Amino acid sequence: MATELAAPGSGSTGPGPAQPATLTTAQAAQARIDQRSFVTRWLLTTPALITIGIFGVLPLVIIVIYSFLKAAPYGGVVWSPSVDAYVSFLFQQDIFSDALTFSPDFLEIYLRSLVFAVGTTAICLLLGFPTAYFMATRPPKQRNWWVLLITIPFWSNLLVRTLAIMFIIRDEGLLNNLLIGLGVIKQPITLLYTNFAIVLGLFYSFLPFMVLPLYASLEKLDFRLVEAGYDLYASRPKVLFRIIIPLARPGIIAGCLLVFIPALGAYVTPLILGGGLHLMIGDLIAQQFGSGRNWPLGAAQALILMSAVLVALFLYVRVSTGKVKHGQR
Amino acid sequence: MRIEGAGKLSRAAKAIDLRSQFGFRTTALVCLFVLYFPILILIVFSFNASDIVAIFSGVSTRWYAHAFINEEFHSAAINTMIIAVTATIGSTIFATLAAVATTRVAPWRGQTAVYMIINLPLMVPEIITAVATLSFFALLGQELGLNFGIGNIVLAHLVFCIPFAYMPIRARLESMDLTLETAAADLYATPVKAFWHVTMPLLMPGISSGAALAFIVSFDDFTITQLVAGPGQTTLPLYIWAMIRRPMTPEINAISTILLSISVLFILVSFGIAQKRK
Amino acid sequence: MKDDAVEDGVELTGLPAVEAKNVTKTFGAGPDAVHALDDVSVTIRQNEFFTLLGPSGCGKTTLLRLIAGFEMPTAGSILLEGQEVAHLPPFKRPVNTVFQSYALFPHLSVADNIGFGLKMLGRKRAEVEAQVTAMLKLVKMEPMRNRKVHQISGGQQQRVALARALAPHPKVLLLDEPLSALDLKLRKEMQIELKRLQHETGITFVFVTHDQEEALTMSDRIAVMSGGKILQIGTANEIYEHPTERFVADFIGETNFIEAEVTQRIGNQGQIRLPSGIAVPRELDHDAPVGGRITLAIRPERIDLVKPGAECHLSGKVENIVYFGTDTHFHIDLDSGGDVTVRVQNRRGHQELLKTGDAVGLRIAPEAMQVLKD
């Protein structure tokens, strides 16, 4: 079909010797450019990579190793391998008889943290979804202000925000004073240092983490699809559950992940609102590196926490890519 | 007949806002109120004249004055600023270089790995990073005798500041027109000149945004700083924590409010830059 | 090589501004490789307005990019005034480009945009200032000199892009479909502007477009491209009146295609027989053997309608008549099979000389029967 520039001598080269030379010159130049950009690329990323590699990745490797070492008496480790840390996670060794008895203490804390994390995620989702939806349905000019309102708590100091909660719910705090002043109760209710305090603190800390991804997802929602639903005689709840929520799925999953993982490993919240009771994994681990003086145990506990996080991440990847295969819109 | 018609009309008027769902508006407003109420109370009580934290007796700024003459507060503030500024500058530069290398280029081997490493600090719970970093520096100190003093904290902050700076820079870079750099090359600009005269000026909003975010996360950090800091290396968040352990006065509110104000300032700056871009 | 020197019979004076020799460009490798250019050669003269014309994907933009230096050829060489440049990066080539999207620097003013090239070359401030002012005058944008890019209209941006590319006084100016974003009226204006600029500056313009009308009106010479190859190079007249390829005939204007048979041939002269049986003497090229079939391209306006029975080359019946104001199109069903379109100018106003179903004869001057390479 396509005809060649069929002219005599067009297949042959121009000034003979120049042709092969030019072939190599252009290709050589191309190769040089490719090589240079390869080197440049790695050079540019090196500072970031080295910093994170040495001061981010290497420390993680170190605690993996630490979890398999013996504890030193005043903190730190002794460089002799042992699985004491992992054993003592589940078992307690009797001082006299060396017998191992099952100790559920740590497991209880892990389980509690899991329950808290799941609960917090659920509550944040339940309350955060309407909030994000409301924001996404504001007129475009207004929306930025709503986003700013959520962004401020999102980036504000977590310690200060947790403190603020503490001030309100403690025995001499605002809530109790108000209730006593109103005559509802005579004695202050103990809210601080309870499970309730921690869940409240977690919810308060991580609500913005749920709202923002949800908002990002809902903002992109094509509301004509919603209108189409109404046009086809669907009721409001049906439209919500059959159209809106499925379309917001990526945002829901992202939001849940963004709440669950930090909630599971929360440190500040149980520290401030849990008193010295070490109700969650976070401050349990910190204790091993502090007064607990059992670094390998702390490392082992940290690794077990990390495994749970990795499972959550793995599930996230599965769920978000799996649905894509199923032909989502 | 007429009454029926009137009813239909008003129902139609209500149904016009097809987007609204039952109870969502209320929930949203309640949530926002809940988010801000405790903070506002904290701020209000920082102006409490009396010593007792929970009972409001009168407006006064004495606790701010108290804080300002406080030596501990000074040294904590200075430390926090040194760490935050250093970490911000370092992480922004590193993040800019990394963003330029990993964005808008044809896929190259190792790109995913690099991207994963840069974002690693965001995936790991802070407490784990904190104890890991503590162990690392303890090891360095023990075995190699290396201790950078406050530099330890800066290095720890650098690690998690880089991804925060990286994101907005990368986003800005991706939205930039690639043809502009081609045009610059066409007009006799060498790659370095093109980067300096075309890419950098246009990248500035992203870099500023990234720097603001890096500053905020460094300034506000508690968990990692607490575990890594040695004696005499207090930062503002650590100072607040110390104050919790002591008998409390509204001074803690005052300092918390100062902290919040600085965070909010940088948030507004970052937000403003992002808005201007649009 | 089917050189322009041979085609025009005019010798090349001085070095050609641009020369592409057997240029091939392939993207990717293996089965998914894209062969953007396939052994393309072309010579562009100094002070010429040269157009690369073709549909999307024909390789014209790729060729332009190779001349500019944004890509390097997989094989072949690119010469600028005799110098091999294929291995040089774009900032080392005395060539400037006007981009389809203009690519004006948003953070710089109009004046700074225009002066950018000279600044990069390290010229002194005073010189840059003077040249910028001259350029602003040339494209009539003086009052806008301190405006930012987003403050001026599309047509004005186009002119700034032009000025920016002309300011460093390059040896060659490359224009990548620069008028495609403009509305019709502005487009026509800019076409005239561009011709004027080319004449005034004396710079060689290499213009890329898919609009054949644009190519025909503006160019000194046109290269028609398709599928990564140059099919024909020539002046507007040559391309239109004497297309050598079916694609070229089809792409430019309207054409009728008629099959014919070679009945005789001595050297380049031969005889062909039309489907109606009439024999016509025509010049033939080497590839058409006696007994072989060839395709003829005939423009609709070159066919005369005559009374049936009179001396004519083809005959048929009127199938459809379409009135276009300036002329009338007759769709004729040929007796020998197939159909043709005949265009008759309405010189004496609309006259109903023929009706649908009438029998007609078609008379065609032999020179209007263009033999295509098959």
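Guide: Two residues are in contact if their C-beta atoms, placed from the backbone, lie within 7 Å. This is a predicted model, in which local features need pLDDT of at least 70 and side-chain atom pairs count only at pLDDT 80 or more, while totals for chains, interfaces and linings use all residues. Residues are numbered from 1 along each chain as its sequence is written, and chains are lettered from A and ligands numbered from 1 in the order in which they are written.

Visitor: How many residues does the contact take from chain B and from chain A?

Guide: Both chains contribute to this contact. It takes 66 residues from chain B and 71 residues from chain A.

Visitor: How many residues are charged on the side of chain B that touches chain A?

Guide: Ala, Val, Leu, Ile, Met, Phe, Trp, Tyr, Cys and Pro count as nonpolar, Asp, Glu, Lys and Arg as charged, and the others, Gly among them, as polar. On the side of chain B that touches chain A, 51 residues are nonpolar and 11 polar, and those that are charged number four.

Visitor: Which element gives the most to the side of chain C that touches chain B?

Guide: The contact takes 18 residues from chain C and 15 residues from chain B. Helices (H or I, at least four residues) and strands (E, at least two) are DSSP runs, numbered from the N terminus. Strand E6 (95-98) and helix H3 (110-120) of chain C each supply at least two residues to that side. With three residues, the element that gives the most is H3(C).

Visitor: What distance separates the centres of domain 1 and domain 2 of chain C?

Guide: Chain C is divided into domain 1 (14-249) and domain 2 (254-372), with bounds from an automatic or database domain assignment. Taken over C-alpha atoms, their centres are separated by 39 Å.
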